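Take a walk through this structure, one part at a time. Keep the sequence at hand as you read.

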Protein chains: 2
Amino acid sequence: MAIPEDDVKTSGRHRKPTIFDVARLAGVSKSLVSMVIRGDERVSPARRDAVLQAINDLNYRPNAMARGLVQRRTRIVGVVVSDLRNPFNEDVASGVLTQAAELGYKGLINTSDRQREREEDAIESFLELRVDGLILATSRIDDRTIGRASRAVPVVVLGRPTSDVSTDSLTNDNEMGAAIAVEHCVSLGHRSIAHVAGGDSTAARSRRTGYERAMERFGLAERSTVVDGGFTEAEGYRGGRELLTRRSLPTAVFAANDLCAIGVLNALEEAGLSIPRDISLIGYDNTSLAALRHVSLTSIHQPGEDMGRKAMDLLFERIHEGRTEARHYVIAPSLVVRSTTAAPPREAGSEG
Amino acid sequence: MAIPEDDVKTSGRHRKPTIFDVARLAGVSKSLVSMVIRGDERVSPARRDAVLQAINDLNYRPNAMARGLVQRRTRIVGVVVSDLRNPFNEDVASGVLTQAAELGYKGLINTSDRQREREEDAIESFLELRVDGLILATSRIDDRTIGRASRAVPVVVLGRPTSDVSTDSLTNDNEMGAAIAVEHCVSLGHRSIAHVAGGDSTAARSRRTGYERAMERFGLAERSTVVDGGFTEAEGYRGGRELLTRRSLPTAVFAANDLCAIGVLNALEEAGLSIPRDISLIGYDNTSLAALRHVSLTSIHQPGEDMGRKAMDLLFERIHEGRTEARHYVIAPSLVVRSTTAAPPREAGSEG
DNA sequence: AGGTATGATTGGAACGTTCCAATAGGAACA
DNA sequence: TGTTCCTATTGGAACGTTCCAATCATACCT
């Protein structure tokens with residue numbers, strides 16, 4: 001934790017060239033150099049060449065901070081993700097970055113490794129950097145923090161609704177997704193369907209609620225079984241183990257997300273169960289992980305990359321079109337059937 | 001591709017408070033506010049409280065650009081990764097960010113989605129931002145670009161050696177790792193060992209060389225089989241398919257990395273082969289993917305997170321301790337045996 | 001009471017750009 | 001040859017901080 005104060009050694013590394021150095025070498029004024037850099041049309045070809053030559057000779061690079069300071073804008077959007085190890089977040093980040101590039105922005109990513117405090121740090125750093133917009137693909141943050149950020153810069157929250165009046169949000173309908181999952185199992189003949197929950201994030205809670213309501217709707221309320229899990233493989237594994245200690249095993253398991261489902265899968269296979277012959281398994285997010293042929297996990301699809309792109313568009317609208325009222329998009333999730341769901345085994349299926 | 005020039009609407013969003021606003025509200029000078037922000041000890045408690053109160057009331061946040069401009073330092077390190085979807089890169093990024101936080105720095109991530117041009121853009125943006133250091137966990141970049149960056153700021157290259165005299169590098173011994181993989185197969189009794197190569201990145205080439213040399217060393221040179229693959233699952237899958245078209249199948253496959261191995265796994269399983277009964281499979285990087293119990297891929301371990309941390313340390317040494325001579329660390333990879341390697345099937349094993 | 005040491009506070013310069021109003025240098029015209 | 005009108009070029013102010021030297025206040029000592 002030693003944070004040295006001021007012992008930076010600049011020795012050896014020469015001062016970086018500035019616009020003045022370029023101007024001197026090219027024999028023009030700093031203003032003209034600035035014009036060349038910004039691609040102003042009305043610079044004579046001769047001077048332009050001289051300037052470009054000087055820029056090249058000096059390995060000059062404009063200082064984004066100085067520029068940002070006077071322009072009061074950075075053309076940077078910050079992306080905060082809670083967990084880089086969740087492939088869904090990568091899809092989102094990738095979508096944001098692609099669209100940002102398309103719109104003349106740069107996207108920078110910061111992550112918090114699922115720690116609340118580092119998440120707020122990440123947001124704070126971006127705000128101090130004066131990013132033009134902020135995309136939060138993170139579950140841990142509370143509304144107060146979001147609101148605070150939102151007072152400073154356009155903010156889009158991904159994956160959870162927000163009550164903040166000046167913040168856009170982009171979510172999938174988690175309750176609906178959970179209902180689709182349950183429905184799929186029911187349609188295959190399952191009646192004993194368990195849920196490995198995702199913890200206390202908003203998304204996880206909605207999925208749980210969706211599961212419970214759907215079970216109720218199908219008259220299976222008293223068959224509902226929820227065990228604690230989480231959004232990581234390890235937590236899913238624990239949830240799966242927990243499930244195995246129960247008196248009677250379910251014939252299908254709906255896991256909070258794909259990572260969690262993989263964990264459950266491990267636990268079940270370890271116990272000698274075969275998926276989907278003995279137990280069906282369904283995840284959420286339809287990440288690249290679920291799509292791995294070797295895993296081939298039935299999952300609820302959420303278009304992460306598209307959502308990332310859309311989030312960037314929403315920021316753009318606020319920045320360039322001056323939109324001020326909040327938008328809240330809810331995307332309908334869909335079912336992707338792969339190899340981990342099937343009809344329940346005979347004896348179990350007819351039992352209920 | 002429409003990049004609007006200047007139609008930014010600031011309407012509605014008020015000008016952000018500056019240090020002067022805080023000073024006015026607190027009834028002190030800007031300098032005193034600055035001192036409070038930087039935690040200077042010799043501010044009287046009364047004034048400090050007044051300043052903190054004003055900061056809070058105004059939702060003031062120091063402008064990192066203005067600060068960076070005068071301090072000529074940002075306390076930011078840039079991390080460029082070629083592919084966020086490769087879990088190995090996440091480990092690296094995570095390691096860098098953790099250690100950066102520890103040392104009082106912030107790490108920001110940019111990615112290029114495996115496109116050469118966007119990779120150079122990412123580097124260029126970071127340099128314009130005047131990051132204090134740059135960590136390149138990317139394969140595509142050429143030495144010229146690295147050298148250029150290195151002239152401006154300390155650079156650590158990860159995962160490949162570099163000839164640039166002023167750039168540190170941190171790699172694992174890919175040739176050795178490949179040799180370990182081959183050795184492992186040989187020790188299990190395999191003689192017909194194929195390699196699904198990783199393309200033209202430096203790391204991939206070294207692994208291939210390592211494979212070829214090892215095969216030679218074991219007197220299996222004429223049994224060498226290399227098919228084209230890549231560092232992604234899709235390319236691995238193609239490599240696996242390609243392998244299947246060959247006259248005789250190998251009894252073991254060494255894939256360029258874990259992602260590639262998963263692709264190969266898919267292709268082989270799809271063809272009705274059982275791993276490791278019919279064919280053994282070994283990957284590289286020992287990512288979280290390989291560790292998934294359901295996958296349980298034998299792999300060559302490379303400590304991504306540690307390497308990320310070490311990379312950050314190397315930057316720190318240059319920034320704070322003025323080190324100028326280049327360091328090149330080579331880490332010894334190790335074998336992690338899981339469930340995808342076993343003795344070859346009888347008939348094949350005895351055939352050679 | 002006067003001098004001095006100590007500590008808190010302040011104003012100004014600098015960081016490296018962009019933006020804008022002002023200027024210079026022609027060309028075109030009378 | 002002088003006036004007008006362009007167009008290319010320039011200098012100065014501003015952006016929001018930090019740093020430093022200078023100032024102010026207070027207490028202490030003789």
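**The DNA surface**

Helix 4 of chain A gives the most to the surface near DNA strand C, with five residues. Here, near means a C-beta atom, placed from the backbone, within 6 Å of the strand. Helices (H or I, at least four residues) and strands (E, at least two) are DSSP runs, numbered from the N terminus. This is a predicted model: local features need pLDDT of at least 70, side-chain atom pairs count only at pLDDT 80 or more, and totals for chains, interfaces and linings use all residues. Residues are numbered from 1 along each chain as its sequence is written, while chains are lettered from A and ligands numbered from 1 in the order in which they are written.

In total, 26 residues surround DNA strand C. Among the closest are A:Ser34 and B:Arg42. Helix 2 (30-37) and helix 4 (64-71) of chain A, and helix 2 (30-37) and helix 4 (64-71) of chain B, each supply at least two residues of this surface.

Now turn to a sheet in chain A. Six strands form an open sheet in the order 7-6-8-9-10-12, with mixed pairing. Two strands pair if DSSP finds at least two bridges between them. Strand 7 (225-227) and strand 12 (334-336) of chain A stand at the edges with a single partner strand each, so one side of each has no neighbour in the sheet. Strand 6 (residues 193-196) and strand 8 (residues 252-255) of chain A run parallel, joined by four bridges. A:His195 has A:Phe254 in strand 8 of chain A as its bridge partner.
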